[in-house]
Amino acid sequence: MSEFLDTDIKFLKGVGEARAKTLASEFDIHTFRDLAYYFPFRYVDRSRFYSISEITGEMPFVQIRGRFINFSIEGEGAKKRLVAAFSDGRRMMQVLWFSKIHLFKDLYKPGTEYVLFGKPNVGSYGVSLSHPEVSLYDPSNPPGGFEGVYNLSEGARKKGFAAKFLGKLVLNLFSRPEFANVRETIPEELLGVLHLMPLREALRMMHHPASPDILRKARERMKFEELFYLQLHILRFSRERSRRTRGRIMSRIGEKFNGFYSNCIPFELTGAQKRVLREIREDMRTGRQMNRLLQGDVGSGKTMVAFMSILMAVDNGCQGALMAPTEILATQHYETLSEWGHKIGLRVELLTGSTRAAKRREIHEGLLNGEINILIGTHALIEDTVRFRNLGIAVIDEQHRFGVAQRARIWGKSEIPPHVLVMTATPIPRTLAMTVYGDLEVSVIDELPPGRKPIKTLLRYHDNRVEVDRLLRRELEAGRQVYIVYPLIAENPKLELKSVEEGYETVCGKFPEYKVSCVHGRMKPDVKERQMQRFVSGECRILVATTVIEVGVNVPNASVMVIENAERFGLSQLHQLRGRVGRGSDLSYCVLVTKQQIGADTRKRLSIMTETTDGFLVSEADMKLRGPGDMEGTQQSGIAFNLNVANLATDGQILNLARRAAEAVLDARPDLVRVPRSDGHADDRSDIKLEISDSSADILSRELRYRFAKTVDWSQIS
Ligand code: ADP
Ligand code: MG
């Protein structure tokens, strides 16, 4: 059935063939629906007249009623302009025209009452308006409400589209009688329970809101709609997948787990670690195939959670794998896990790119015959030659960028797909995780092991080095180690930034009594490895580096992280770098060094770092400042972010609501969700439809009333 809104835009009054082409090319508007959903990017207040004395320079637009007093032409040549004095009855202001001077001079009559509309300038000379919109004041037609302003491209302007043209078309559309029959897209039951504005009213109000309050309600409704369908799509996809894929049932908590927990564990688990382990156990026990994202700030103890999860698999006759992004990190994990594993008689092996052929063969054999219980490694681990006898769980560390495709390779490692635990220290705001990793469950370690001293974060200028150097010297003399991070490897004459090479010279000169290692991304891996190892072993006390050290390195003796040109780094990245220190029990420092002239915005951004060490707060702030499109991980995530009205950075609560509503619908009547074109891909969220019949409406509304027993209070949401 073809709907009114699907009508070709060329059939709308005022459009026609030629304009339809422009609408398509410049606005991507092809149908009535496209136009109805093409919302203004801002609104101007036409609801009242301002008096000249109220006007400030910050006002985007003002509407003033009054009379021209006189006109004069001033200046010569290019500077020639028409200047009018305009009075609102009490005060005067200037109105200026720089072109078509004579036309305007003759057009407007002194003494007649006009309405001016434009962007005010306020300077030492008082208030002025340039080229305002001028119309006759009509007492029988009082000021309107709010007027939408639409984005108008240069191309559209050239084709003769005026600023108000789209607004007129929208009015033409809404005045068609068929518009009254446009179908609601959200089930009535949901509208009622959630107090959402009905579609037709919301569409009207998005274009011509009667008041800011009504605009807010219309927007909430449109945002909800967008997020609700996104969640329906994601949830349907992940449920479908988990219905098709059975996980291995690991019902036993056995000898290894209990033995380790009672006799060998080197510390008491934190409450958060215990909770997360319970969540993981619940997944593994039920026969669901686990796909869980474990978020925990740097130093929160994810490694132990990984190890104990692997033990659950081992106790059920399976093998476990732990994959890390770098060789250094894999080696560190190997050292930790083999120490723990040996205590309970497990065989742990390490497989990386530099594992020798003979050892590699030995490992392949041990994996196949089941003698190896736990394999640690880099990407080498998911190569096709690596086969397990019985892989029960794969843990992926520090790679929230590990996408669906790569996870699929791991699923393929075993006849029954292994459970997958992805761990990350880059806390992704929940709203984003729910959307980007819609098919992952999320667990959070929100508690650090006891006894950690906080990290003190300082913001300093380049030119103020004495204090920074004094701090470095003091820590070095106390036996500690320090990191110094630079944005560049080598000097670049075009950029006024510090580089590792230059930094290395300076640091060696300043601290001749200490050895310095140097690491950056353009080194050969084995050289880098050796340099890094000298720092890890404590032989070198200072490490100068680029951000290659960002991930995973654990040197508890390091107590200072200096970041040069900190203004060049994103907040999440700064937080990651900061996490390299504070791993011991002494007070640690992170010094953000910037050039002298940083803008107020940059200062504000960096001061978030000095205010909190909570990774979630940092990443939420980061997302608000940069927008979710720039967040790490979103580009690779496979889900297109073409959200129109909703904003993942700020609409977290609406997203939550949308998620709950989508869950309710899928739980009550999954059969109502129709996906006409589905190739089973998470990326494709087009064309999901909800078809509610009378008979299903009852079930749905019962479910909704049950889930949303407490009415939703929108005033608490936005
Ligand atoms: P991350 O979450 O950054 O990977 P790690 O697993 O490397 O953190 O843990 C950081 C440090 O804290 C390690 O030295 C680890 O042994 C220690 N640790 C982990 N859990 C606890 C705990 N519950 N109590 C005390 N120390 C812990
Ligand atoms: Mg770690």
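Of the 15 residues around ligand 1, those that come nearest are Gln273, Gly299, Lys302, Thr303 and Arg452; a residue is near a molecule if one of its heavy atoms lies within 4 Å of it. The model is predicted, and local features need pLDDT of at least 70, side-chain atom pairs count only at pLDDT 80 or more, and totals for chains, interfaces and linings use all residues. Residues are numbered from 1 along each chain as its sequence is written, chains are lettered from A and ligands numbered from 1 in the order in which they are written, and side-chain values use heavy atoms, with hydrogens and water left out.

- The shell around ligand 1 has four nonpolar, six polar and five charged residues. Here Ala, Val, Leu, Ile, Met, Phe, Trp, Tyr, Cys and Pro count as nonpolar, Asp, Glu, Lys and Arg as charged, and the others, Gly among them, as polar.
- Polar contacts are pairs of N or O atoms within 3.5 Å; within protein, one must be able to donate a hydrogen and the other to accept it, and residues adjacent in sequence count only if both atoms are side-chain atoms.
- Gln273 places a polar side-chain atom 2.8 Å from a nitrogen atom of ligand 1.
- Thr303 has a polar side-chain atom 2.6 Å from an oxygen atom of ligand 1, while a polar backbone atom of Ser300 is 3.4 Å from an oxygen atom of the ligand.
- Taken alone, ligand 1 exposes 560 Å², and the protein buries 81% of that. Accessible areas come from the Shrake-Rupley method with a 1.4 Å probe; for residues, only the protein chains shown count as cover.

**The chain as a whole**

- The chain contains 23 helices and 24 strands. Helices (H or I, at least four residues) and strands (E, at least two) are DSSP runs, numbered from the N terminus.
- Of its 718 residues, 53% count as buried. Buried means under 20% relative accessible area, exposed over 50%, and partly exposed in between (1.4 Å probe, protein chains only).
- The chain exposes about 33700 Å², of which carbon and sulfur atoms supply 49%.
- Among contacts between residues at least 6 apart in sequence, 74% join residues at least 24 apart; contact means heavy atoms within 4.5 Å.

- His419 lies in strand S15 (residues 419-424) and counts as buried because its relative accessibility is 0%.
- A polar atom of the side chain of His419 lies 2.9 Å from the backbone nitrogen of Met290. Leaving aside neighbours within four places in sequence, His419 is in contact with residues including Gly247, Asp283, Met290 and Ile393.
- Ala566 lies in the loop between strand S21 (558-563) and helix H19 (571-578); Ala566 also counts as buried, because its relative accessibility is 0%.
- Leaving aside neighbours within four places in sequence, Ala566 is in contact with Leu574, Leu592, Val593, Thr594 and Leu606. Ala566 and Arg460 are 106 residues apart along the chain, and their C-alpha atoms are separated by 9.7 Å.
- Helix H5 (residues 165-174) is mostly covered, with seven of its ten residues buried. The buried residues are Phe165, Leu166, Gly167, Leu169, Val170, Leu173 and Phe174.
- Among the elements that cover the buried residues of H5 are helix H1 (16-27), helix H2 (32-36) and H7.

**Aromatic pairs**

- The structure holds 26 aromatic pairs. Rings of Phe, Tyr and Trp (its six-membered ring) pair if their centres lie within 6.5 Å; planes under 30 degrees apart count as stacked, over 60 as edge-to-face and the rest as tilted.
- The rings of Phe68 and Trp97 form a tilted pair, because their centres are 6.1 Å apart and their planes stand at 50°.
- This pair links distant parts of the chain: Phe68 is in strand S2 (residues 62-74) and Trp97 in strand S4 (residues 92-97), 29 residues apart. Both Phe68 and Trp97 are buried.
- Ring pairs link Phe68, Phe71, Phe86, Trp97, Phe104, Tyr108 and Tyr114 into a cluster.

**Two residues with positive phi**

- His131 is not a glycine, yet has a positive phi of about 40°. His131 is found in the loop between strand S7 (126-130) and strand S8 (133-136), and counts as partly exposed because its relative accessibility is 35%.
- His195, also not a glycine, has a positive phi of about 55°. The loop between helix H6 (188-194) and helix H7 (199-207) holds His195, which is partly exposed, with a relative accessible area of 46%.
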